[in-house]
Each structure stands twice: as structure tokens, then as C-alpha cells.
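Subject: Structure handover

Dear colleague,

Here is the structure you are taking over. Please open it alongside this message.

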Amino acid sequence: MRLGFFLAEALGSLRRNWVMTMAAVITVFISTAILGLVLVTDSNLEQGATSLKNRVMIEVFIKDETTPQQQEAFESKVMAMPEVKEIRFVSKEEALDRFRESFGERITASLPINPLPASYEVYVKDADQVDIVAARFYDEPIVSHTPGTKDGVQYAAQTVRRMLGTIDLIEKGMWGATVLFSAAAILLISTTVRLSIFARRREVEIMRLVGATNWFIRWPFVFEGFITGLIGAVMGALSVYAANWALVNWLESSALDYLSLYKYPLWWEGSGWPLGLLPSLALLGGALGAVGSLVALRRYLRT
Amino acid sequence: MIVFENVTKIYDPDVVGLQDFTCHIGKGEFVFLVGASGSGKSTLIKLVLKELEPGEGRLLVAGRNLGTLPRRKVPLLRRNIGCVFQDFKLLPNKTVYENVAYALEVVGEPRRSIRRKVPEILNLVGLGDKTNSLPHEISGGEQQRVSVARAFVNHPPLLLADEPTGNIDPETAVGIMQLLVRINRTGTTVLIATHDREMVNRMRRRVLQLDTGRLVRDERRGSYDQFPDEPEEGI
């Protein structure tokens with residue numbers, strides 16, 4: 001293969017047909033930017049959902065008179081449950097410390113005794129199992145209920161479940177959007193490539209008459225499509241990254257910092273996945289351009 | 001070089017391209033193909049290039065049977081056939097030099113020999129000073145000389161020309177025809193489809209006349225019209 005010749009042909013025709021090139025680059029740019037936005041938003045939601053799920057925790061308040069033996073027995077029983085990820089003991093003192101942090105020295109200083117009960121924080125592996133696990137604690141002898149209620153066991157069931165449901169719905173929507181935008185991107189790009197090849201169908205015809213093999217004709221077009229796709233996709237990736245970065249910075253310095261947005265990596269970060277915005281989109285753009293050229297050329301290379 | 005045996009080509013639905021055409025064109029011959037528009041000249045040329053799928057009958061070009069020639073071998077066939085067209089068919093974005101060089105790139109000629117051969121052939125056709133011009137910057141006659149140079153730079157055994165002088169003025173046409181004769185002298189078979197009565201009459205070469213796809217005349221040293229001495233019917 002005469003790589004030098006094909007590359008020179010591709011670059012030459014990119015330069016000559018620069019209006020078409022611009023159109024194709026902008027098309028790829030817009031398509032990959034939209035795809036990139038979907039990717040970034042999706043991974044942010046994913047992260048939000050995961051952190052939310054990790055925070056699904058059952059608080060079990062225990063009676064002051066619980067003996068260390070009873071505690072130990074309870075702990076080992078809970079740890080034996082397959083649904084449980086982690087159990088943490090919060091002593092009366094720690095509870096008071098937390099209370100003090102939230103409400104200030106003045107209130108706690110005036111307390112004659114520590115009225116706060118000790119508790120266990122039980123983390124479950126799957127947020128959906130929180131009900132089943134919590135139900136097992138209601139009748140534990142060490143649990144301190146206000147008489148007539150079950151308030152010794154508490155968890156944010158409703159809220160968490162609703163939020164998770166919403167995130168799940170949005171994620172599904174995002175996947176739908178990804179599929180839709182990918183299809184739109186492929187159509188847009190292939191139309192642009194087809195237009196630019198249609199404008200040069202006479203050239204293709206002449207090349208065939210001079211005895212060029214189909215691949216001899218194809219390679220420059222493939223390179224051309226690849227380069228066009230690559231430039232557009234790199235532009236798209238960079239702008240998505242810039243937008244993501246700016247948004248994260250803005251959020252961190254604002255009152256919304258609890259949102260803890262995720263900065264999608266621009267480059268591969270060694271962990272294998274994600275590949276990073278730039279490499280994945282650039283590869284995608286280049287491949288789309290090359291394949292688009294091949295498909296568009298097909299009808300001029302018959303017989 | 002070219003053997004037609006009862007070749008018939010019918011276009012859909014039933015337009016006759018060639019009808020039961022039988023003819024041998026030997027190596028090194030110089031042949032004119034004449035006939036009115038629609039008589040089948042272009043069909044014949046397209047068949048030889050395998051631009052059209054052959055119909056019935058047998059067609060051999062340079063020993064290859066085009067009926068059984070697989071599609072992927074078509075480029076190889078075309079590299080052995082130089083082609084000159086009425087509309088020149090030059091690549092519009094390439095310079096004169098690049099247009100001629102393309103025919104050599106296609107066959108995988110080394111860069112060094114391309115740099116030697118292209119100026120050589122351009123000097124031969126008298127365009128040594130236009131190598132860096134684009135096709136639209138030069139005259140029709142010059143463009144046709146570029147296309148002759150491109151057709152011949154590979155020294156193909158066969159050269160086809162479809163109305164090579166159709167789009168250029170008579171004086172320039174003589175120059176083009178002289179070029180084709182010179183090429184013929186190197187041993188290349190030349191087949192020219194033409195309407196150029198004066199040219200055919202002046203050259204007195206083998207003439208094949210077609211009429212609605214049939215061969216109606218094959219003369220060794222023929223003229224454009226069958227009976228050149230008879231006065232033409234009133235115009």
C-alpha cells in the first residue's frame with residue numbers, strides 16, 4: 001500500500017474541498033458533543049445513584065442497659081446476615097458529639113446527663129433490601145422503642161427509594177437518548193460524506209477508467225473520512241470536557257457543592273474503563289468518518 | 001488484439017447496441033470506427049473496456065475472454081488499454097503532471113520512474129511547459145493532448161479513442177491525430193471512433209462502419225463514406 005500517496009491524496013482533497021470538509025467536521029463536532037454530554041451526564045447520575053445507595057443505612061437505637069455480651073451477640077448476628085455490608089457502633093458519647101456539632105455547645109452544656117441513646121448504623125448492600133433487614137430488628141430485645149411504636153429502628157425508606165427510582169428513570173432515558181443521538185449522528189455524517197463524494201463521482205469514474213482498483217480509489221477517501229471525523233470528534237470531546245470542568249468548578253464554589261459532580265476524565269486513567277472522553281470520542285468519530293466514506297463510495301464502485 | 005465473435009448487446013428493453021458483430025483487429029493496426037450517432041460505436045468501446053457487461057457472443061481483448069473475466073480483474077484489463085475521450089476526462093483538481101502520473105501510480109510504478117516518465121511523455125505531446133497547469137487553465141486541444149499522454153504513458157498494447165477530435169478545432173485535431181499515428185508506430189493497436197469525415201478520408205486506414213449495431217463495411221484503406229465519389233445528397 002502506498003501510504004504516502006494515499007495520505008497526500010486525502011490531505012490534498014480535504015484542502016481543495018474545504019467547504020465540504022468544514023461541513024463534515026462541524027457535523028461530527030455537534031454529534032460527538034451531544035454524545036459526550038450524554039456520556040458525562042450519565043456517568044454523573046450513575047455516581048450519584050451509587051453514593052446514594054451506599055448511604056442507605058438503618059439506625060438501630062439500643063437501650064442504655066444493654067450489656068456488652070448482648071451487644072456482641074447482636075453484632076455477630078447482624079454480620080451473619082448476607083444483605084448487610086457493614087455495621088457501625090455509635091456510642092452515647094459519639095452521639096452527643098454529633099449532636100453538639102449540629103446544634104452547638106450551648107444546648108449540650110446545660111444537659112445534666114447524656115440523654116442520647118447509643119445506636120448501630122447498619123449499611124445494606126442493596127437499597128431494595130432495606131425493608132427486609134430493618135424488619136428483623138423490630139423485635140430485638142436490646143432495641144429501645146418508645147412504648148407503642150417501632151421508632152427504635154429508623155431508615156429513610158421512602159425518600160431514598162423515590163430518588164433512586166427517579167435516577168433509574170433518568171438513566172434509562174439517557175440510554176434512549178444515546179441510541180437516538182448515535183443514530184442521528186451516523187445519519188448526519190453519512191449524508192455529509194455522501195454529498196461530498198457525489199460531488200466527486202466523475203473523479204471516481206475517471207480513476208476506474210484509468211485502471212485503478214477499488215481499494216486504490218477507496219483508501220484516500222477512507223483517510224479523508226477518518227481525518228474529518230477525528231478533527232470533529234476531538235473538538236467535540238474538548239468542548240464537552242471544558243463544559244464539564246467549568247460546571248464542576250462553578251458548583252464547587254457555590255452553595256450547591258453537596259452535589260459533588262464528577263469530572264469525567266479527558267484521558268485514559270489507567271483503570272481500563274472509562275477510556276476517557278478524548279480517546280473514546282476520537283476513535284468513534286474517526287471510525288464513523290471512515291465507515292461513512294466506505295458506505296458512500298459503494299454505489300460508485302460497482303462492477 | 002481484439003476479437004469479436006457474433007457479439008450482440010441489447011439494452012433494456014430492446015434497444016440494439018451491437019448486433020451479431022464479428023470482427024478481428026490485429027496487433028499494431030490503426031482502425032477507424034465510423035457510423036451515425038447511435039450506430040453502436042460507443043457500445044463497442046464500452047464493451048472492450050468492460051464498462052458494459054458483455055451480451056451474447058465472444059469478445060477477446062489481448063487474449064482475455066471478457067465474458068469470463070472476473071470483476072476484480074477489470075482494473076488489470078484497463079491498465080492495458082489507454083483511453084482517450086471526447087470530453088478528455090481529466091481529474092479537474094490535479095495538475096497536468098499529476099493527471100498523467102496518476103495512471104502510473106495506479107499500476108504501482110516506483111516514484112523514481114514516475115518522475116522520469118511523466119516529463120518525457122509530456123514533452124512528446126508538446127506540453128513540457130504546462131506541467132503545473134490545471135486542466136481548466138489550458139485549451140481543449142491541450143487537454144486532449146494530456147489525455148493522450150495519460151493513455152500512452154504506460155505504453156499499453158491497445159489504445160481506444162472515442163471521438164478524440166470531437167471537441168477541438170480542425171487544426172488542433174490534426175495534431176492529435178498525428179500523435180495517435182506516432183503512438184501506433186510504436187506497435188500499439190489504435191482504435192478510433194469518430195465522426196471526423198475529413199480526417200478519415202485523409203488518412204486512408206482501415207475503416208469499420210456500423211449501422212444500428214451491425215457491421216456494414218470493413219475496408220482496408222477506406223474512406224468515411226461508402227462511395228466517396230458520389231455526391232452527397234442534398235443537405
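This is a predicted model: local features need pLDDT of at least 70, side-chain atom pairs count only at pLDDT 80 or more; totals for chains, interfaces and linings use all residues.

Residues are numbered from 1 along each chain as its sequence is written, and chains are lettered from A and ligands numbered from 1 in the order in which they are written.

Chain A

The domain assignment of chain A (bounds from an automatic or database assignment) gives domain 1 as 3–52 + 161–298 and domain 2 as 57–155. The C-alpha centres of these two domains of chain A lie 51 Å apart.

Helices and strands here are DSSP runs numbered from the N terminus (helices H or I, at least four residues; strands E, at least two). In chain A, helix α1 (residues 3–16) packs against helix α9 (residues 214–252) at an angle of about 55°, with the axes 8 Å apart. Axes are lines fitted to C-alpha atoms, for helices over the stretch in contact, and angles run from 0 to 180 degrees between N-to-C directions. α1(A) and α9(A) are therefore oblique to each other; angles under 35 degrees count as roughly parallel, over 145 as roughly antiparallel, 65 to 115 as roughly perpendicular and the rest as oblique. On the α1(A) side, the contact is made by F6(A), L7(A), E9(A), A10(A), S13(A) and L14(A); α9(A) brings W219(A), P220(A), F223(A), E224(A) and I227(A). Contact means C-beta atoms, placed from the backbone, within 7 Å. By class, this contact has 8 nonpolar, 1 polar and 2 charged residues (Ala, Val, Leu, Ile, Met, Phe, Trp, Tyr, Cys and Pro are nonpolar, Asp, Glu, Lys and Arg charged, the others, Gly among them, polar).

Chain B sheets

One open sheet of chain B has 4 strands in the order β2-β1-β4-β5, with antiparallel pairing; strands pair if DSSP finds at least two bridges between them. Its edge strands are β2 (15–25) and β5 (64–65) of chain B. Strands β1 (residues 2–11) and β4 (residues 56–61) of chain B are joined by 5 bridges, and I2(B) has V61(B) as its bridge partner in β4(B).

The other open sheet described here has 6 strands of chain B, ordered β6-β7-β8-β3-β9-β10, and its pairing is mixed. β6 (81–85) and β10 (214–219) of chain B are the edge strands, and the twist averages 15° from one strand to the next. β6(B) runs parallel to β7 (residues 158–162) of chain B, with 5 bridges; G82(B) is partnered by L159(B) in β7(B). Helix α6 (residues 170–185) of chain B packs on this sheet, touching β3, β7 and β8 of chain B.

Chain B helices and the interface

Helices α3 (residues 96–106) and α5 (residues 140–152) of chain B pack at about 25°, with their axes 8 Å apart. That angle makes α3(B) roughly parallel to α5(B). The contact is made by V96(B), N99(B), V100(B) and A103(B) of α3(B) with V146(B), A149(B) and R150(B) of α5(B).

Between the chains, 13 residues of chain B are in contact with 12 residues of chain A. α3(B) gives the most to the chain B side, with 4 residues. That side divides into 7 nonpolar, 1 polar and 5 charged residues.

Regards

Methods: Two residues are in contact if their C-beta atoms, placed from the backbone, lie within 7 Å.
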